[in-house]
Number of protein chains: 2
Amino acid sequence: MSTADSARPLRADARRNHDRLLEVADTVFAERGVAATSDEIARAAGVGIGTVFRHFPTKEALLTAVYQARLQRLAGRAAELATADDPGAAFFDYFRAVVEQYGQKAAIADALVEAGVDVRAEAGGFRFRDAFEVLLRRAQEAGAVRRDIGVPELIALLVGATRAVEHADTEPVRARTVAIVLDGLRASASHA
Amino acid sequence: MSTADSARPLRADARRNHDRLLEVADTVFAERGVAATSDEIARAAGVGIGTVFRHFPTKEALLTAVYQARLQRLAGRAAELATADDPGAAFFDYFRAVVEQYGQKAAIADALVEAGVDVRAEAGGFRFRDAFEVLLRRAQEAGAVRRDIGVPELIALLVGATRAVEHADTEPVRARTVAIVLDGLRASASHA
């Protein structure tokens with residue numbers, strides 16, 4: 001019992017360090033791109049490189065962990081929004097969140113594929129398609145989103161909006177570009 | 001005078017052959033991709049390979065000519081639509097036409113860049129940006145398109161819509177995907 005007791009705070013501490021490193025790595029990758037090194041992340045976190053390697057033995061392990069954490073956040077958000085009081089707002093919020101995340105997520109996924117990591121397996125079965133299916137249906141039933149579209153149109157628009165955002169130079173242009181796509185999805189916009 | 005007279009029908013005939021080859025090449029490249037050979041194009045046009053080479057000594061010359069012809073068509077269409085009676089319909093028609101053409105045009109442009117051809121120079125100064133600027137302003141003045149956007153948002157959406165269409169599996173999905181973007185651009189869709 002005394003062993004377990006003395007181990008517990010250490011484990012909690014290790015978990016906190018792990019989570020904090022992950023958070024710092026997420027920010028550093030977002031700001032400097034996936035080429036950022038474990039050394040840069042150690043410095044940003046104010047720890048030695050040894051601490052980073054203890055938690056994430058390779059750069060790929062770190063990237064994979066960041067990738068999984070992002071997918072988990074998006075999956076968690078989808079689960080939360082699936083029972084939201086305002087299904088229209090929930091749907092539009094999620095569309096925006098996925099577009100915001102997508103560019104960075106894609107860069108990490110590309111780097112992982114290049115390093116020979118099976119990204120699909122690491123995604124843990126989370127599929128945007130499934131998350132969106134629920135949010136879309138609820139938003140359509142609530143009269144917030146046009147009924148003449150399904151998941152295929154939505155996924156195509158998501159890919160398109162992501163690419164459009166990458167092509168926009170400034171934040172206001174990006175915001176207006178996404179707003180146009182969202183407005184086009186509203187039930188009131190349907191000219192069909 | 002007799003020389004000029006006898007030469008004239010021949011030149012007109014050569015011009016017709018040239019135009020017909022270009023038209024056939026356009027179709028063949030669209031159907032089979034830019035990897036289609038001059039030989040395939042000769043067969044599709046029902047002429048000998050010698051005739052193709054007389055007009056277009058290399059595959060690059062043929063691709064360049066097809067590329068220029070497509071840009072000229074788009075430029076011509078923009079010029080026509082710039083004075084159309086219904087500026088809203090003109091704008092939406094053009095957006096659709098550019099999205100339809102874009103995928104193929106991009107494939108040809110890529111092949112030309114790979115062959116070392118200066119695509120920008122071959123475009124003859126035609127810029128979608130300029131063509132769209134006029135059509136957008138007129139459509140906004142006519143109250144058909146929302147006033148809170150400019151050419152930067154439009155170009156971003158054009159790139160996005162093109163990518164979205166590439167990602168859509170079937171023609172109905174493609175049509176609905178573009179319709180959503182167009183509906184989002186309408187003045188009535190603005191939630192700003």
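Trainee: Which residues does Val98(B) touch, not counting residues up to four places away in sequence?
Mentor: This is a predicted model, so take everything here as computed. In it, Val98(B) touches Leu74(B), Phe128(B) and Leu158(B), with residues up to four places away in sequence left out.

Trainee: And where does Val98(B) lie?
Mentor: Val98(B) is in helix α5 of chain B, residues 87–114.

Trainee: How far apart are Val98(B) and Phe128(B) in sequence and in space?
Mentor: They are 30 residues apart in sequence, and their C-alpha atoms are 8.7 Å apart in space.

Trainee: Is Val98(B) buried or partly exposed?
Mentor: Partly exposed, because Val98(B) has 19 other C-beta atoms within 10 Å, and a buried residue needs 20 or more.

Trainee: What about Ile108(A), buried or exposed?
Mentor: Ile108(A) has 20 other C-beta atoms within 10 Å, so it counts as buried. Ile108(A) is found in helix α5 of chain A, residues 87–114.

Trainee: What does Ile108(A) touch, leaving out residues up to four places away in sequence?
Mentor: Phe29(A), Val34(A), Leu63(A), Val66(A) and Tyr67(A). As for Thr64(A), it is 44 residues from Ile108(A) in sequence, and the C-alpha to C-alpha distance is 8.2 Å.

Trainee: Stepping back, what is the secondary structure of chain A?
Mentor: Nine helices and zero strands. Of the 192 residues in chain A, 35% are buried. Taking contacts in chain A with a separation of 6 or more, 66% are between residues 24 or more positions apart.

Trainee: Which residues touch the most other members of the largest nonpolar core?
Mentor: Phe91(A), Leu135(A), Phe91(B) and Leu135(B), out of 62 residues in that core. Another core lies apart from it, with 18 residues, including Ala25(B) and Phe56(B).

Trainee: Back to Leu135(A): which residues is it in contact with, leaving aside neighbours within four places in sequence?
Mentor: Ala78(A), Leu81(A), Ala82(A), Ala90(A), Phe91(A) and Tyr94(A).

Trainee: New topic. How is chain B laid on chain A?
Mentor: By a turn of 180° and a shift of 0.1 Å along the axis, with an RMSD of 0.1 Å. The two copies are therefore related as by a two-fold rotation axis.

Trainee: How many residues does the contact take from each chain?
Mentor: There are 29 residues from chain B and 28 residues from chain A. On the side of chain B that touches chain A, α8(B) gives the most, with 11 residues. By class, that side of chain B has 16 nonpolar, six polar and seven charged residues.

Trainee: Why do you say the copies meet through the same surface?
Mentor: Because 97% of the interface residues of chain B are also interface residues in chain A.

Trainee: At what angle do the axes of helix α9 of chain A and helix α9 of chain B cross?
Mentor: At roughly 105°, and the axes come within 7 Å. α9(A) and α9(B) are therefore roughly perpendicular to each other.

Trainee: Which residues make that contact?
Mentor: From α9(A), they are Ile180(A), Val181(A), Asp183(A), Gly184(A) and Leu185(A). From α9(B), they are Ile180(B), Val181(B), Asp183(B), Gly184(B) and Leu185(B). The residues of this contact divide into six nonpolar, two polar and two charged.

Key: Residues are numbered from 1 along each chain as its sequence is written. Chains are lettered from A and ligands numbered from 1 in the order in which they are written. This is a predicted model: local features need pLDDT of at least 70, side-chain atom pairs count only at pLDDT 80 or more; totals for chains, interfaces and linings use all residues. Axes are lines fitted to C-alpha atoms, for helices over the stretch in contact, and angles run from 0 to 180 degrees between N-to-C directions. Helices (H or I, at least four residues) and strands (E, at least two) are DSSP runs, numbered from the N terminus. Angles under 35 degrees count as roughly parallel, over 145 as roughly antiparallel, 65 to 115 as roughly perpendicular and the rest as oblique. Two residues are in contact if their C-beta atoms, placed from the backbone, lie within 7 Å. Ala, Val, Leu, Ile, Met, Phe, Trp, Tyr, Cys and Pro count as nonpolar, Asp, Glu, Lys and Arg as charged, and the others, Gly among them, as polar. Copies are superposed by least squares on the C-alpha atoms of residues with pLDDT of at least 70 in both. A nonpolar core is a set of buried Ala, Val, Leu, Ile, Met, Phe, Trp, Tyr and Cys residues joined through C-beta atoms within 7 Å. A residue is buried if 20 or more other C-beta atoms lie within 10 Å of its own, exposed if 12 or fewer, and partly exposed in between; C-beta atoms are placed from the backbone.
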